[in-house]
Amino acid sequence: MKRYFLITALMLLVVLSNAQISTKQLPRSFFLKEKVGLVTKTLSSPDIDALLEEDDNNANFFKAQRCAVAVPMFENFFDNAVRTSFENYDLYTLKVTIPYAYAIGFSSNDFYLPKGTELYLYNPEHSKVLGAYTSDNNAENGIFATEYVYGDEIIIEYYQPKTIIESAKIELSEFVYFYRDVTYIEQEQMLKSEPQFSTKEFRESGSCNVNINCSEGDNYQDVKNAVMRIQIRGGYNYYWCTGTLINTTNYSKEPYIISAAHCVQYSSTSNYSYFVFYFNYEAPGCTTPSYGSEPSYVSYTGCTFLAKDSSNGDNGTDYLLVKLNNNFTSSHNPYFAGWLRSSTAPNSGVCIHHPSGDIKKISSFTAQPTSAEAYNSTHWRVYWAQTTNGFGIVEGGSSGSGLFNTDGRLVGTLTGGYSDCGYISSPSMEKDWYGRFDLQFSNLSQWLDATGTGATTVEGIYFNQAVDTLSTDTIPSAINTIEASMGFVVYPSIANDYINISSNIANTNVVVVVLNEIGQSVLSYTIPANQSNTSINISSLKDGVYFVRFYANGNSYIQKIIKQ
């Protein structure tokens with residue numbers, strides 16, 4: 001059965017600052033009095049008329065619509081750039097122009113930066129600067145991908161001190177050409193001359209939508225920090241979707257993200273390295289920012305595919321689970337959403353999402369979802385409700401976003417539907433369908449419940465939050481905490497490479513989680529039933545104080561150790 005998939009068809013240019021594992025420095029050339037040499041490489045624009053015609057044809061079959069395409073180059077940066085030499089360092093600069101682009105991104109299939117070098121990308125107006133990228137951005141597979149900069153010109157600047165002899169690798173594999181309208185940028189400023197195509201039928205999110213920091217979001221200020229916009233690559237095409245950072249039963253804080261399978265129906269395994277995840281992209285208040293006042297965000301590039309509905313949502317629950325290739329920083333401190341796997345839908349709740357790739361929005365439902373008209377009961381059918389500040393719906397770009405109950409626990413992920421700002425006068429039309437998390441869970445449990453607790457609900461937690469700060473009633477009943485000895489002994493208390501565990505627990509597996517001082521899980525291990533003595537290798541841990549926590553028979557016990 002065909003569905004109304006909600007992958008966005010427009011590109012939204014958004015921010016003036018960002019953090020993509022970058023140092024947030026400014027390029028060296030910005031501070032020089034003398035002029036740095038610059039050479040321009042002009043690439044041919046894609047056939048926009050043909051792309052738009054293809055988009056229209058695909059839309060007739062409810063297929064995904066693109067916001068951008070790749071323009072291949074596959075040339076060495078250093079063969080094209082101009083070198084400017086200074087006393088202590090060299091600068092290499094190159095400007096790439098692709099006429100009529102609303103924005104340009106960049107990716108490399110062969111990328112390596114020596115330690116101490118820096119890479120920047122920016123537009124000539126300096127209104128968008130990416131970097132500094134450093135050796136921290138090197139990936140084992142050699143793939144590197146960035147966000148976008150405004151306009152149809154992008155400058156690449158590489159800095160290398162003369163004391164560094166090692167050579168960098170920067171293949172100019174492809175540039176991402178955004179050919180859809182972009183929001184927050186006046187078109188007259190973007191176009192050097194009038195192009196022979198129109199994109200007026202594609203818009204930013206509808207005016208009925210509600211910003212996440214309006215009063216409707218007051219009770220969801222934690223879980224909103226788990227929601228991000230995802231830039232999806234499918235072959236040589238790019239789309240928007242929404243995802244949710246999701247918690248696990250052992251509070252491992254692994255960067256797992258749940259979304260929708262139909263978002264990646266065109267994506268190969270290698271494409272996942274090019275995905276970009278945008279966190280905290282939201283208005284600071286209830287009012288939508290004006291032009292020139294774009295919100296900042298934090299972004300991460302690359303993920304690993306874990307699991308998805310093989311039917312891409314045609315017959316199944318339309319789930320997707322990926323894991324970020326990079327872990328989070330304490331300064332970002334995202335939230336891992338809790339979840340509830342129940343065959344009964346909540347009476348009310350919200351969806352938090354990025355409609356049309358826009359800033360974060362919230363939509364509310366006040367009637368209990370049902371499985372009627374919902375693809376063999378695999379989905380919840382949701383009707384949206386009028387609230388104080390609008391009539392939140394979902395749109396292209398909302399796909400994969402989470403449906404949350406009033407406790408902020410995830411119960412489903414968005415596939416699609418009929419809601420539209422034009423249907424406000426007809427509430428019966430404001431309906432959409434969410435894949436049921438309780439049915440998705442059996443395919444996700446090896447990651448979300450790796451230790452086999454069987455928990456039916458998990459509370460959310462912040463990255464910097466210690467597990468021990470969670471109250472007893474918020475921890476699943478399968479691992480209710482009681483601070484009493486359970487027959488475990490951990491020795492030595494001051495350890496080097498191994499800790500030994502002696503247990504008298506019989507007939508059940510024992511879950512062992514090693515936590516650092518701020519409560520982050522750094523190791524986990526399962527002791528088989530009736531195994532009385534176990535040795536765990538902790539040589540990979542840094543020196544310091546740790547807490548060894550045991551879960552068994554619905555109880556837990558914790559003991560402190562020192563690694564040196």
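Buried means under 20% relative accessible area, exposed means over 50%, and partly exposed lies in between, with a 1.4 Å probe and protein chains only. This is a predicted model, where local features need pLDDT of at least 70, side-chain atom pairs count only at pLDDT 80 or more, and totals for chains, interfaces and linings use all residues. Residues are numbered from 1 along each chain as its sequence is written, and side-chain values use heavy atoms, with hydrogens and water left out.

**View 1. The disulfide of Cys241 and Cys263.** A disulfide is a covalent bond between the sulfur atoms of two cysteines. Here the term covers a pair of cysteine sulfur atoms within 2.5 Å. The sulfur atoms of Cys241 and Cys263 are 2.1 Å apart. The torsion about their S-S bond is about -100°, so this disulfide is left-handed. Cys241 lies in strand 14 (residues 237–245), and Cys263 in the loop between strand 15 (256–259) and strand 16, so the bond ties together parts 22 residues apart in sequence. Helices (H or I, at least four residues) and strands (E, at least two) are DSSP runs, numbered from the N terminus. Cys263 is buried, with a relative accessible area of 1%. Cys241 counts as buried too, at 0% relative accessibility.

**View 2. The disulfide of Cys214 and Cys286.** The S to S distance is 1.9 Å. The torsion about the S-S bond is about 90°, so the disulfide of Cys214 and Cys286 is right-handed. The pair links distant parts of the chain, 72 residues apart. Cys214 is in the loop between strand 12 and strand 13 (227–234), while Cys286 is in the loop between strand 16 and strand 17 (298–301). Cys214 counts as buried at 3% relative accessibility. Cys286 is partly exposed, with a relative accessible area of 34%.

**View 3. The disulfide of Cys208 and Cys421.** The sulfur atoms of Cys208 and Cys421 are joined at 2.0 Å. The angle about the S-S bond is -80°, and the link is left-handed. Cys208 sits in the loop between helix 3 (187–190) and strand 12 (210–211). Cys421 sits in the loop between strand 26 (410–417) and strand 27. These distant parts of the chain are 213 residues apart. Cys208 counts as buried, at 7% relative accessibility. A search of the whole structure finds three disulfides. With the bonded cysteines of the protein numbered in sequence order, the pairing is 1-6, 2-5, 3-4.

**View 4. Edge-to-face rings at Phe328.** A pair of aromatic rings is described by the distance of the centres and the angle of the planes. Rings of Phe, Tyr and Trp (its six-membered ring) pair if their centres lie within 6.5 Å; planes under 30 degrees apart count as stacked, over 60 as edge-to-face and the rest as tilted. The structure holds 31 aromatic pairs. Phe279 and Phe328 have ring centres 5.7 Å apart and planes at 85°, so the pair is edge-to-face. Phe279 is in strand 16 (residues 276–279) and Phe328 in the loop between strand 19 (320–324) and strand 20 (335–336), 49 residues apart. Both Phe279 and Phe328 are buried. Phe328 also forms an edge-to-face pair with Phe463, at 6.0 Å centre to centre and 75° between the planes. Phe463 lies in the loop between strand 29 (461–462) and strand 30 (488–491), 135 residues from Phe328. Both Phe328 and Phe463 are buried.

**View 5. Charges over tyrosine rings at Tyr159 and Tyr236.** A charge sits over a ring if NZ of Lys or CZ of Arg is within 6 Å of the ring centre and within 35 degrees of the ring normal. The charged end of Arg28 sits over the ring of Tyr159, 3.9 Å from its centre. Arg233 lies over the face of Tyr236, at 5.5 Å from the ring centre.

**View 6. Strand 24 beside strand 27.** Two strands pair if DSSP finds at least two bridges between them. Strand 24 and strand 27 (residues 431–436) pair in the antiparallel sense over five bridges. Arg381 has Trp433, in strand 27, as its bridge partner. Four of the five residues of strand 24 are buried, so this strand is largely enclosed by the rest of the structure.
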